[in-house]
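Student: Could you take me through the aromatic pairs closely, and then through the parts that surround them? I would like one connected account, with the cut-offs stated.

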Amino acid sequence: MTEYWVSQGNKWCDFCKIYIANNPLSIRTHEIGKRHKDNVTKRLATMQKEGAAKEKEQQQAARALQQIEAKAKKSYQKDLENSQRNVDGDTSAAPGDGWEFDSTSGYYFDKSTGLYFDSNSGFYYSDGLGKWVTQEEAYAWAKTSQANVGQSSSSQTKPTASVATVPTIKGGQAPGLVVKKPLNPMRTLKGAPSAIAVNKRKREDGKPKVISTEEEAALKAREAARKRMEDREKPLMGLYRSY
């Protein structure tokens, strides 16, 4: 019977991040090595630190929840006492005379000043202020608002003066500044000379151009070459016959 060779493959070590031969001798040799033992120790230490940090976070979250529940329970008990006191008609929590408890909002209200009072926090509120303030700020605002209302009522009783109408302008010069220059500075008026034409330098034709000896020889050579080209091309163009 014919036997076939079968590969044993490789085994992956998750601690060392390498492949080793998949046989008992290689695995045993790798596991008793110093590198593998150090990696296992580091992994265990990391897992222990992560577990301790996670446990600490869970304890802190549980402690915070207990504090929140204790504060909520205390506030609930205080609200129950205040509501029971209001139902029984106890007005000892009101800041003074003229305050009535508003069952809709849950605060004390003074009609003369338009202020709300919170017996739990001791702050005052008004629609004109738009925020909760102390007693001094609330009463100062109330006095100012009452003074403004009195002045507005007195000003309304005075006879209104006739409103002067502004006469309309018909013809004549237009009011305001008049633009006399074109809006586009690059666009010139009709008939005005162009700035380019004015500032353009003209070549002085009166003075003869001085030609050096080298330039004169080059011009003669170019003229001679041109004549040679014409003489060479004349028979090809059929202008002259060649016998």
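**Aromatic pairs and their setting**

Tutor: A search of the whole structure finds 9 aromatic pairs (rings of Phe, Tyr and Trp, the last by its six-membered ring, with centres within 6.5 Å; planes under 30 degrees apart are stacked, over 60 edge-to-face, the rest tilted). One of them is the edge-to-face pair of Tyr 107 and Trp 132, with 5.1 Å between centres and 65 degrees between planes. Tyr 107 belongs to strand S4 and Trp 132 to strand S7, so this pair ties together parts 25 residues apart in sequence. Strands (E, at least two residues) and helices (H or I, at least four) are DSSP runs numbered from the N terminus.

The model is predicted: local features need pLDDT of at least 70 and side-chain atom pairs pLDDT 80 or more, while totals for chains, interfaces and linings use all residues. Residues are numbered from 1 along each chain as its sequence is written, and side-chain values use heavy atoms, without hydrogens or water.

Tyr 107 is partly exposed at 27% relative accessible area, and Trp 132 is also partly exposed, at 36% (buried is under 20%, exposed over 50%, partly exposed in between, with a 1.4 Å probe and protein chains only). Trp 132 also pairs with Tyr 125; that pair is tilted, 5.3 Å centre to centre with 40 degrees between the planes. Tyr 125 is partly exposed as well, at 24%.

Elsewhere, ring pairs link Trp 99, Tyr 108, Phe 117, Tyr 124 and Tyr 139 into a cluster. Trp 99, Tyr 108, Phe 117 and Tyr 124 are also among the 8 residues of the largest nonpolar core, which includes Leu 115, Val 133, Ala 138 and Ala 142. Strand S5 (115–117) and helix H3 (135–157) each give this core at least two residues. A nonpolar core here is a set of buried Ala, Val, Leu, Ile, Met, Phe, Trp, Tyr and Cys residues joined through side-chain atoms within 4.5 Å. Setting aside neighbours within four places in sequence, Ala 142 is in contact with Thr 113 and Leu 115 (contact being heavy atoms within 4.5 Å).

The strands named so far belong to an open sheet of 5 strands, ordered S3-S4-S5-S6-S7, with antiparallel pairing. Strands S3 (99–102) and S7 (132–133) stand at the edges, each with a single partner strand, so one side of each lacks a neighbour in the sheet. Strands count as paired if DSSP finds at least two bridges between them. S4 (residues 107–110) and S5 are joined by 3 antiparallel bridges, and Leu 115 in S5 is the bridge partner of Asp 110.

S1 (residues 10–13) and S2 (residues 18–21) run antiparallel, joined by 4 bridges, with Trp 12 bridged to Tyr 19 in S2. The two strands form a hairpin with 4 residues between them, and Lys 17 in the turn has a positive phi of about 60 degrees. According to an unreviewed UniProt entry, the annotation "domain: Matrin-type" covers residues 11–42; such annotations may be inferred rather than shown by experiment, and their positions are given in the numbering used here, with feature names shortened. Over residues 11–42 the chain is 53% helix and 22% strand, with its end C-alpha atoms 21 Å apart.
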